[in-house]
Amino acid sequence: MHYDDFSLKGNTKLYFVLISLVAICIRLLSFPKVFVDNTVHIIGFDSYYHLRRIQFTTTNFPDYIKFDTYVNFPYGFEIGWPPLYDQAVSFLALIIGFGSPDTLTVELTAAFFPVLLGILTFIPLYYIVSKIFNKDVALLSVGVLAILPGHIKQSLFGNSDHHVAEILLSTAAYAFFVAALKLPVSNKILSADVKNIKKIPFDFSSTRHLLYAVCAGILLAVSLLTWIGSPIFIGLIAIYVLIQFTLDIKENKSSEHTTIISSVTLLATLIFVIPFVVKEVRPGLEMSPMFLSWFQVSFVIFVIISVFTLSFISRFVKTKKIVWWYYPLFIFIPAIIGIFLIKIISPSLYWSIMSGLKYLAGSGEILKTVAEAQPLFFDPGNVFTLSPIWYYFTFSFFAAIWALVIFIKNMEKENYPPEKVFFLIWTIVIFSLTLSQRRFMYLLSINIAILTGYFIMMNFEKLKLNKHHKVSSKKLKTMNHKQVMKIGSWKGLIIIVILAIIIFPNLYVSISAAINPRLPPSDWEESLNWLKENTPQTSYYANASEIPEYGVLSWWDYGNWIIYIANRPVVTNNFQPGLDDVSRFFVESNESKAKAILDARNVRYVITDDELILKKFKSIVSIAGKNPNNYYQSKEIENNNSVTTIRFENERFTSTILWSLHVNDCSDLGCMRLIYESNTTRTKITPVKYVKIFEYVDGANIFGLASPNETVVAHTNITTNRGRTFTYYNRAIANETGWYRINVPYSNYGTPYEGWKIESYNIRGLESNTSKEVVISEAEIISGENIRVNLF
């Protein structure tokens, strides 16, 4: 089969269209959950900050939010995300909305955009696989990607995150790069030098490989404008060049073609990205790898120099007829020297590269607590798991591993074709990243789809009766029709089994993910909508260049939800600034120290949920610099001649601010009060509502005389907005002269929050058993009024 040129003909085109329609239908299964009652509920966490930037860019096109005072409140935060993804969505929304789209139009555009990019990925996927294998494998690979959970999760309707753009751009760039590698090069071009360059015939057929390389370079530059981690895609080319040169020396083949294609690709990337860096680079962040800066330019230049250095050393080894395996050793020495020179000449570039490598390796205390940054096969605590594999790839992962082994064996027999060597390096690099951090599984989905398609075709070829079956042609002639049909039936059954193993698990997991998207829980959405409507509005949301009036403190997972749904600034969000302060606040047991954190951050509201206690507390403690084991104790329970060890919270845990807030409803705290709780109760032993909102107030100071050294308790019965009743209490010990002081945060009347009923305070001396009632107004709570109550 001839497949040098990409085309869709006959049944192939029909199958491609049908596959695309099926893929669209699966990706739109989330529509009923995402779009409800004329409201868009976006999937995930980062998508909500994308929506914030998209809304801003749509209004101020093509400008985008670079510095946001609604993040890391009150200091603000430099946003490192490159702008292109948000600008593309905004541009499309402007077209659909005829220049002035409303909020709903923008949100629906953002919700559908991932579906569009996901389906567009099928085109470069088909193209690159047809170059590496053939069009049959290409069509099968597209079919696998259409139903692969790892890709569907990124391209679902409503998942407006840039990851699907990374997949599309990297696949498209590599498709052009492979096409350039695959095309033969004219000897006139290979032998040309500066003096006779004018004599080179620059017609399309002789320069098509260069045009493909330029297209690959432009797409790599576009990826740099889309995802801050895109230098991975460029570094991968450098690794390929090293391996290809080594194989060329071993096989005594020319490496000129690889040098030309790689150099042209990288030069195109460099030329295309420089104007954007000049425009976007920020003072003080000129070499930061976390922003669009001169780091990306320096990195591309470094890779270009590396390619030419590798080429020069390759020529030297070939000229001197040195044994091929010395070549990697010769590379090692210049590499060490190069790194040393970079450290001397540009320490900022050196440390940027090192910090990038550490990030990719998943090192760092904060990254260790992030679920998606965990190793592929291990959960926190080094517990082995296959769950990520199943929920992203199902059996396709194992089929792909099998196919990869066969692919490597066959590649050796085929004398290492450049396009197949590149695919192997691409797969190994992305798989290595995924082993380190499971967050990169979405990038691996392309390689899994290709190898699974190869696996299916490989088995189909083995089952072909006329070529690959063990029955010889002579024996076939002696067999009757029934015997031949029996063999055919068995092979047909095997084909059905193979397809069933690949198709049905992927469909099941994908459809489950699509009809149950990871939306913010209704309790969270209701709570944040309540916060938006029932608390003072903050300024500068639409143009976050000035500092708003107050901030909201919650865990980083929920920061983007709070910003977009409630329109309130946060101490931390998914970028994770301010995380030290938040973690220290939650694990603090001293109210005065906790108040100091809130005062420094100008926080007025704190939001918690039960997951902070049930699932996230160990991470919170670790980031706060403490040992999580110190907050739990174990107990052995005998049951039916067996001993079970249970682990539960100890006194140190129950003394934290987090526990006092979410479980004890602010008892023993004088400056925090519960003002809203969601409807759902998920805990069994102690019924606690899912989401709670607290307000930081001065609180009224109840003071007076009691018996010396007596314990004085102030308590009141409170009915919340959900009709739940609890008792709030706070206590103090009178000094040797009998003076005591208790701070209380709840007002008995005048509260601005509907649905609350708070009885009068009872102030009781425990030893003297004397008590008095007191009623406190909202104004006295807010102003921190002193209220004297003598117990004798």
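Helices here are DSSP runs of H or I with at least four residues, and strands are E runs of at least two, numbered from the N terminus.

A word on the source: this is a predicted model, where local features need pLDDT of at least 70, side-chain atom pairs count only at pLDDT 80 or more, and totals for chains, interfaces and linings use all residues. Residues are numbered from 1 along each chain as its sequence is written, and side-chain values use heavy atoms, leaving out hydrogens and water.

Let's stay with helix 27, residues 591-600. A594, I597 and L598 are buried there (under 20% relative accessible area with a 1.4 Å probe, protein chains only; exposed is over 50%, partly exposed in between). These three share one side of helix 27, because they cover an arc of only 95 degrees around the axis, taken from the directions from the helix axis to the C-beta atoms. The face turned away from that buried side carries exposed S592 and K593. At the N-terminal end, N590 is the cap: one of its side-chain oxygens lies 2.9 Å from the backbone nitrogen of S592.

Now for S230, in the loop between helix 11 (204-224) and helix 12 (231-251). Is S230 buried or exposed? S230 is buried, with a relative accessible area of 1%. A polar atom of its side chain lies 3.0 Å from the backbone oxygen of W227.

Finally, visit helix 15 (residues 326-345), where F332 is found. F332 is exposed, at 54% relative accessible area.

Methods
A polar contact is a pair of N or O atoms within 3.5 Å; within protein, one must be able to donate a hydrogen and the other to accept it, and residues adjacent in sequence count only if both atoms are side-chain atoms.
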